[in-house]
Amino acid sequence: MGGVVTIRGDKTGRNTSGISEVDTFRPGVQYGGGANLDHEFPFSRSSIRKFRRGEVIAGAGVLIDIFARVQRGMVSASTPLPDGREFIVEFIPKGGLIGELEVLRKQPLSLEYRALSVCELHFFDGRLLREFCANNPQFQVKILSKALARVSELELRLISNAGSNLRQRLARTLLRLSAVYRTDAQNGGDELIISQHDLAATLPASREKVNQCLRRLREGKVVDGAQGKIRILNRKALEAYAEGDA
C-alpha cells in the first residue's frame with residue numbers, strides 16, 4: 001500500500017492494529033509483505049509507510065502490535081510538559097526503532113512520534129518479534145541492548161542539562177543533532193533541518209530565549225542559517241560553548 005498513514009488507535013486497546021490511510025503520497029507504488037530487506041530482522045516486514053514532515057506517526061497511549069524501523073528521514077519522540085509545552089525526548093534517525101519495547105511488553109506507546117522530515121518507515125509484526133526473542137536469546141540481548149543504550153544516553157543527557165545554562169544546552173543539542181544527522185549518507189552533519197519550535201522543545205526552553213542564544217551564536221559566526229535550517233560554521237567554538245569554556 002503506497003500512502004501516508006497515521007498510526008492511531010483506541011486507547012482502551014480495542015483496536016490493536018490502529019492503522020488508517022489518511023492521504024496518498026506516491027500513488028501507484030505498491031508496498032506490502034515482501035522479502036527480507038531489513039537484514040537486522042530475520043522475518044519479513046509487513047508494510048512500508050511514508051510520512052510528510054510534521055505528520056504524526058503514532059500517538060501516546062495507543063496500543064498496537066507492530067513496531068517500526070526508520071528507513072529514511074528523522075522522527076521525533078515527545079511528551080507534553082505540565083505547563084502544556086512539548087518536550088522532545090529524542091530524535092530517531094535512520095536505522096532507529098520505534099515501539100519495539102512496547103511490543104515486547106504488550107504496553108501502549110508512552111511517547112508521541114512525529115516525522116521531522118519526509119520519512120519512510122518499515123513496519124514489522126510484533127508477534128514475530130516476541131516469538132523470535134523467546135526462541136533466540138542472542139537476538140533478544142541485541143534488541144534490549146539497543147534500547148538500554150538509548151535510555152542510558154537520555155539519562156546522562158538529562159543529568160548533564162540539569163546543571164547547565166541555556167547556551168551550553170543549546171550548543172550540546174546542536175552537536176548531538178549534528179551527530180544524528182551524520183548517520184544519513186545524504187547529510188554531512190553540518191546542516192541541521194529543524195524548526196525553532198522543535199529546537200526549543202528539545203532543550204526545553206522558550207522560543208524567545210532560544211532565539212536570543214542563536215542570535216549570539218550567529219553574531220560570533222559559530223552558526224548560520226535561515227528559518228528551519230541551522231548550519232554549523234565553527235565546530236570547535238560550538239564545542240567550547242558546550243563545555244562551558246567559551
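Start with R49 and S47: their side chains make a polar contact at 2.9 Å (a polar contact being a pair of N or O atoms within 3.5 Å; within protein, one must be able to donate a hydrogen and the other to accept it, and residues adjacent in sequence count only if both atoms are side-chain atoms). Before going further, note that this is a predicted model, with local features needing pLDDT of at least 70 and side-chain atom pairs counted only at pLDDT 80 or more, while totals for chains, interfaces and linings use all residues. Residues are numbered from 1 along each chain as its sequence is written, and side-chain values use heavy atoms, with hydrogens and water left out.

**Two arginines**

Back to R49, which sits in strand β3 (strands are DSSP E runs of at least two residues, helices are H or I runs of at least four, and both are numbered from the N terminus). R49 has a relative accessible area of 8%, which means it is buried (buried is under 20% relative accessible area, exposed is over 50%, and partly exposed is in between, with a 1.4 Å probe and protein chains only). R49 also lies over the face of F123, 5.7 Å from the ring centre (the charge rule asks for NZ of Lys or CZ of Arg within 6 Å of the ring centre and within 35 degrees of the ring normal).

R114 is the other arginine to look at, and it belongs to strand β9, residues 112-115. With 12% relative accessibility, R114 also goes down as buried. What does the side chain of R114 make a polar contact with? The partner is the side chain of D198, at 3.1 Å. D198 also turns up in the contact list of R114, which leaves out residues up to four places away in sequence and includes G54, E55, V56, I57, M74 and V75 (contact here means heavy atoms within 4.5 Å).

**Phenylalanine rings**

How many aromatic pairs does a search of the whole structure find? It finds eight (rings of Phe, Tyr and Trp, the latter by its six-membered ring, pair if their centres lie within 6.5 Å; planes under 30 degrees apart are stacked, over 60 edge-to-face, and the rest tilted). Take F43 and F124: their ring centres are 6.0 Å apart and the planes meet at 80°, so this is an edge-to-face pair. F43 is in the loop between β2 (19-23) and β3 (47-51), while F124 is in strand β10 (residues 119-125), so the pair ties together parts 81 residues apart in sequence.

F124 pairs with F67 too, and that pair is stacked, with 5.4 Å from centre to centre and 20° between the planes. Since F67 lies in strand β5 (residues 66-72) and F124 in β10, this pair ties together parts 57 residues apart in sequence. Ring pairs join F41, F43, F67, F124, F132 and F139 into a cluster.

| Residue | Relative accessible area | Class |
|---|---|---|
| F43 | 9% | buried |
| F67 | 1% | buried |
| F124 | 0% | buried |
| C133 | 3% | buried |
| C213 | 9% | buried |

**Nonpolar cores**

The largest nonpolar core has 31 residues, and L170, L174, L199, L217 and L238 have the most contacts inside it (a core is a set of buried Ala, Val, Leu, Ile, Met, Phe, Trp, Tyr and Cys residues joined through side-chain atoms within 4.5 Å). Two or more residues come from each of β7, α4 (166-181), α5 (196-202), α6 (207-219), β13 (229-232) and α7 (235-243). Which element gives the most to this core? That's α4, with eight residues. L238 touches A171, L174, L175, L217, V222 and I232, again leaving out residues up to four places away in sequence. Another core lies apart from this one: it has 21 residues, among them A58, V70, V89 and L111.

Q212 is in helix α6, and at 36% relative accessibility it counts as partly exposed. Q212 and R167 are 45 residues apart in sequence, with 9.6 Å between their C-alpha atoms.

K94 sits in the loop between β7 (86-92) and β8 (97-98), and its 43% relative accessibility makes it partly exposed. From K94 to R182, 88 residues apart along the chain, the C-alpha separation is 10.0 Å.
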